[in-house]
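Look at the aromatic rings in this structure. Some questions and answers on them follow.

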Amino acid sequence: MEIVFAWLGACGSSPEAASRTFVQVNHAGIDAGQPYEGLHRRLSLLEQYILTGPEPSESLPPLSITPKDLMLKIRHWRRKPSLLIAGRFDSGKTRIANALLGSSNLPSQYTPTTSVVTYIRHEDDKPEWQREEVWIMGTGFDPSRWEDEKYCQKYRLVSGSFDTLRQFGTKESKGDILRAKYALVYMESPLLRSCTLIDVPGYSDAEDEERSADAAARLADLLLYTAPAKGFLDAADFLHLGLLLRTLPTIHARSSKGIEKCANLFLIATHAEPSISNSDLNKILDRGAERLYKQFKDTLLVSRDVSQSDLRERFKTFWYENQERRAELEQGLLRTLSSILPAVLEKHVNNEVKEI
């Protein structure tokens, strides 16, 4: 083993990196079911009513919302929540994404790393006119318009299979030549029945990549922020977390323990490798929660009514090869996706429909 470690060091690698290459773990990903099936069925009935109902009489006073406006709202209400995975450069974001998806389709080697903002949706959500699994999009594309065929055709640079993502969506790929900024990806995964997953380039990368990542953050309903367990949460992390928390919705939920604060926020110590003991990992998370609370207690956390102990509950660990070190993250995420976010969306839609 001494020879192996020395050889890995001479090659610029590490035991952890090697284990990612050679250790295969059977992991089916997160399955939160189809929590929006009932809501979408009711929205379809409302849509049918609008399409078959009579046109408003011209003798009526002007309507505050027209049938056409309501159809646009229904399209917006059908949008699944967006799960954003963000964090420091080389902190294992894509590795987590693949674990949650139960897939190995997203490029996750140490080199190259993600260089485009990748939006991953369930294959059932793919428009009929988009036949390929992957579309690489150029500068200026607005991901909220991915249902608009003419608009997407205008910004498409190249399309194809998942190999296209490796060829044009990573560092040291052809993406820079084409000015690739975004990727639209469709795949079969249980996770994607309950959300759209957004994987962004790591912070501390090129400035234009950071701008793309920050723009994607504005669409996030659920945030997973990653930082390596060794050197967990530094000043740069606080800077980017501040930007992300300003736009992340505040969601508190009731649980068997009382009120679960910031149920849509997870702060993850990645690379939680076996060389770090459980007690040391807990200390790392405790210190991270303490420092983060001190940083934002008088600003972003005041409006959220979050204490240090509340914040500590949002800290989790991740090591792909050890189920124990990813179980708490997966269980918390499963609860948020299967019950908390669906309840929030349904309440919002019901309130808007009553108001209309």
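Q: Which residue lies over the face of Trp-135?
A: In this predicted model, a charge counts as over a ring if CZ of Arg is within 6 Å of the ring centre and within 35 degrees of the ring normal. Here the distance from the ring centre is 4.5 Å. The residue is Arg-156.

Q: Over which ring does the charged end of Arg-314 sit?
A: The distance to the centre of this ring is 4.7 Å. The ring is that of Phe-266.

Q: How many aromatic pairs are there?
A: Rings pair if their centres lie within 6.5 Å. By this rule the count is nine.

Q: Is the pair of Tyr-119 and Trp-146 stacked, edge-to-face or tilted?
A: The ring centres are 5.6 Å apart, and the planes are at 80°. Planes over 60 degrees apart count as edge-to-face. So the pair is edge-to-face.

Q: How many residues apart are Tyr-119 and Trp-146?
A: Tyr-119 is in strand S2. Trp-146 is in the loop between strand S3 and helix H6. The pair links distant parts of the chain, and the separation is 27 residues.

Q: Is Trp-146 buried or exposed?
A: Buried means under 20% relative accessible area. Trp-146 has 10%. Therefore Trp-146 counts as buried.

Q: Is the pair of Tyr-119 and Tyr-182 stacked, edge-to-face or tilted?
A: The centres of these rings are 6.3 Å apart. Their planes are at 40°, and stacked would need under 30 degrees, edge-to-face over 60. So the pair is tilted.

Q: Which strand holds Tyr-182?
A: Tyr-119, in strand S2, is 63 residues away. Tyr-182 is in strand S5.

Conventions. Residues are numbered from 1 along each chain as its sequence is written. This is a predicted model: local features need pLDDT of at least 70, side-chain atom pairs count only at pLDDT 80 or more; totals for chains, interfaces and linings use all residues. Side-chain values use heavy atoms; hydrogens and water are left out. Rings of Phe, Tyr and Trp (its six-membered ring) pair if their centres lie within 6.5 Å; planes under 30 degrees apart count as stacked, over 60 as edge-to-face and the rest as tilted. Helices (H or I, at least four residues) and strands (E, at least two) are DSSP runs, numbered from the N terminus. Buried means under 20% relative accessible area, exposed over 50%, partly exposed in between (1.4 Å probe, protein chains only).
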